[in-house]
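This briefing is intended for a reader who wishes to relate the sequence to the fold. Please consult the sequence and the structure shown here before reading the points that follow.

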Amino acid sequence: MSRPAIDLFQNAFGTIPRSAASAPGRVNLIGEHTDYNGGPVLPIAIAERTTAVVGPGPADAPGTLEAVSTRYNAVARVRWQEELPPGWPAYVAGVLRELWTLEAIPPRGSLRIAVASDVPIGAGLSSSAALSVATAKAIATFVGAKLTPRQIAGVAFRAEHDHVGVRCGVMDQTIASLGKSGHALLLECASLEARQIPFAARLLLVDTGVKHDLSAGSLNERRAECEEVVKRLKLELPDLVWLASWPVEWLPRLKRALPEPLRSRAVHVVSETARARFAAQLLAGKKLTQFGRLLYESHESCRRLYECSAPELDTVVAAAKRAGALGARLTGAGWGGAAIVLVKERGAGSAERVAEAIRAAFREAYGREPEIRPVKSSAGVRTERV
Ligand code: GLA
């Protein structure tokens, strides 16, 4: 597992690394754009992982980070306290700064890191959280800081959110840390209350190949809209902190209080919150048919109200529905990336038939085929051998 990263470390730095950790990407089953609004999410960790290996930095250059990845071969060299490097090493620098704030690493610590990953980038599978969580765990292990998986998730979240400046919620780092094989995680993002729910259904991942770079702004724009919603709804409910805690029974009142597009954004968040909680109950009761219906509803809400879909994603979901799949929806932020499809064990609506139908529809519309593969729920962060 850690071999490619170890080899890269040795080639780049001429020494051997001292600790290693890996963390997975994720797909979110339901509960989209609810995390930063204090609502529930229901993600699974996937089999694709990022591995980070770490060792001491150059002794004659205190406060230096040297970082290399199998994806970009050049070694980045930065003074991590003073500057945030461009690109992926910024996540590592962010993690270092957070660990420094916690006094887990010395103020002028130097570090070398090598990273290898098979989590696709820009596919909405949270390659960035896999990187920041694996990095946080590998560095914590190296310096002997005993952090719980929740603390690792917290360090990774603040690295991304506060330092890199992507206004993500807590979902990605939390599932990359707490993921459990064969389970989905129901996470209430306001309280961080977490519950593992057995998940063994057949799921396909369809990568549309349409890249979406999160820092590009769409997510930040939606967050700003949600903040504006809360500001206005405080006139109705002065104590309101999280948009997701607006009662779903009060949707008519919410609609009256808000102009478009704020109204649509808010209706999505409040109804998606109710949907995700209900979906988790259905999943726990193994009611997959009803669960699947909620996936379709969630996609429709993302498409129409939150406007975070893309034509390619809509093509996939419509084709899956026509072919008899139990449910389908975009996963992650949207605006491109991947969709998930819940399929039946056999017959109409089975993996083979649905995949064929999606390929055909996609070929017809775009003259190419999307990548389709089965997804299994996997384990969260772990240390690896060096
Ligand atoms: C991105 C963010 C997550 C979450 C999703 C939308 O993936 O990183 O925190 O907000 O979008 O549900």
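**Domains, sheet, salt bridges and cores**

The C-alpha centres of domain 1 and domain 2 lie 26 Å apart, the domain bounds coming from an automatic or database domain assignment. The model is a predicted one, in which local features need pLDDT of at least 70 and side-chain atom pairs count only at pLDDT 80 or more, while totals for chains, interfaces and linings use all residues. Residues are numbered from 1 along each chain as its sequence is written, and side-chain values use heavy atoms, with hydrogens and water left out.

**Domain division**

- The protein chain is split into domain 1 (3-199) and domain 2 (203-374).
- Domain 1 contributes 37 residues to the contact between them, and domain 2 contributes 46 residues; contact here means heavy atoms within 4.5 Å.

- An open sheet of 3 strands has the order 2-7-8, and its pairing is antiparallel. Strands (E, at least two residues) and helices (H or I, at least four) are DSSP runs numbered from the N terminus, and two strands pair if DSSP finds at least two bridges between them.
- Strand 2 (40-41) and strand 8 (193-198) are the edge strands, each pairing on one side only.
- Helix 5 (residues 171-178) packs on this sheet and touches strand 2, strand 7 and strand 8. The direction of helix 5 makes about 135° with that of strand 7; axes are lines fitted to C-alpha atoms, for helices over the stretch in contact, and angles run from 0 to 180 degrees between N-to-C directions.
- Strand 7 (residues 183-188) and strand 8 run antiparallel and are joined by 6 bridges. Within this pairing, Leu 186 has Arg 195 of strand 8 as its bridge partner, and Leu 187 stands opposite Ala 194.
- Strand 2 and strand 7 are also antiparallel, pairing over 2 bridges; Val 41 has Leu 187 of strand 7 as its bridge partner.
- The hairpin of strand 7 and strand 8 has 4 residues between the strands, and Leu 192 takes a positive phi near 65° there.
- Strand 7 is largely enclosed by the rest of the structure, because 6 of its 6 residues are buried. Buried means under 20% relative accessible area, exposed means over 50%, and partly exposed lies in between (1.4 Å probe, protein chains only).
- Both faces of strand 7 are covered: His 183, Leu 185 and Leu 187 are buried on one side, and Ala 184, Leu 186 and Glu 188 are buried on the other.

**Salt bridges**

- The structure holds 28 salt bridges, each defined as a side-chain nitrogen of Lys or Arg within 4 Å of a carboxyl oxygen of Asp or Glu.
- Arg 329 forms one of them with Glu 32, with the closest N and O atoms 2.9 Å apart. Arg 329 belongs to strand 10 (residues 327-330) and Glu 32 to the loop between strand 1 (19-28) and strand 2, so this pair ties together parts that are 297 residues apart in sequence. Both residues, Arg 329 and Glu 32, are buried.
- Arg 202 forms a salt bridge with Glu 345, with the closest N and O atoms 4.0 Å apart. Arg 202 lies in the loop between strand 8 and strand 9 (203-207), and Glu 345 lies in the loop between strand 11 (338-342) and helix 11 (351-366), 143 residues apart. Arg 202 counts as partly exposed, because its relative accessibility is 33%.
- Arg 222 forms a salt bridge with Glu 221, with the closest N and O atoms 3.2 Å apart. Salt bridges that share partners join Glu 221, Arg 222, Glu 225, Arg 265 and Glu 307 into one network.

- Arg 222 is located in helix 6 (residues 218-233).
- Arg 222 counts as buried because its relative accessibility is 6%, whereas Glu 221 is partly exposed at 46%.
- Leaving out residues up to four places away in sequence, Arg 222 touches Tyr 36, Arg 265, Tyr 306, Glu 307 and Trp 335.

**Nonpolar cores**

- The largest nonpolar core has 47 residues, of which Leu 233, Leu 243, Leu 254, Val 341, Val 354 and Ile 358 touch the most other members. Such a core is a set of buried Ala, Val, Leu, Ile, Met, Phe, Trp, Tyr and Cys residues joined through side-chain atoms within 4.5 Å.
- Helix 11 gives the most to this core, namely 6 residues.
- A second, separate core of 46 residues includes Ala 45, Ala 52, Leu 65 and Ile 175.
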